Amino acid sequence: MKKLLLLVIAISCLALCGCGGSNGIDHSGNGLNPDEQEFADIVYAFQKAVNFQNIDDAKNLILSEVIYNKSYNYSLFVGRLENFLEKAEDIHFDISGIGVDFIYEDKIAEVRAESQITYTYNNDRRTIEECFVFTINKEYQSNTGIQRFQKYNPNDGSDVISAFPPVLE
């Protein structure tokens, strides 16, 4: 009877905790397969660079032909990002609900995610909550990075102007 009870407990633990393999699910449990995860990892790397206020790592993930707020504008996006990372304090950029749709084979994908960016500026704690769409291109002039950064409306899928990165005076 004790052996049966131990066996039931062991099976229950394995069912709850998983068996150590990924089974197509990344470590955050978002259900992405390995091909999708490659694209999501670019978004996670950008998130990490922002959280650590590392402008060089963040800029290395932005392609020079980036579409930001509906237009090609690398300098606007990077300028706003530099301003934000230099002046904001205690940044917490959280990404959740990530999903990946392939646009062109396994080379270009659209990554949609919910985000919450919380930061302090002039002793004032602020939060931006937006749904983002990132177009990730793995083969742009032999670079991999963000080709489009846009806020979108999850109700109708339309692109709207993003408040991120905010301009801090």
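Helices here are DSSP runs of H or I with at least four residues, strands are runs of E with at least two, and both are numbered from the N terminus. With that in hand, I read the protein chain along its sequence as α-α-α-β-β-α-β-β-β-β-β, which gives 4 helices and 7 strands.

A note on my ground rules. I am working on a predicted model, where local features need pLDDT of at least 70, side-chain atom pairs count only at pLDDT 80 or more, and totals for chains, interfaces and linings use all residues. I number residues from 1 along each chain as its sequence is written, and side-chain values use heavy atoms, with hydrogens and water left out.

Next I looked up burial (buried is under 20% relative accessible area, exposed over 50%, partly exposed in between; 1.4 Å probe, protein chains only). I found that 38% of the 169 residues count as buried.

Then I turned to helix α4, residues 74-87. Its 14 residues should span 20 Å at 1.5 Å a residue, and its end C-alpha atoms are 20 Å apart, so the two agree; the expected span is 1.5 Å times one less than the number of residues. Among its buried residues I noted Phe77, Leu81 and Phe84. Their cover, counted by contact (heavy atoms within 4.5 Å), includes α2, α3, β1, β3, β4 and β6 for the buried residues of α4.

Lys70, in the loop between β1 and β2, has a positive phi near 75 degrees and is exposed at 53% relative accessible area. Glu105, in the loop between β3 and β4, has phi near 45 degrees. I also logged a cis peptide bond from Phe164 to Pro165, with omega near -10 degrees; Pro165 sits in the segment after β7.
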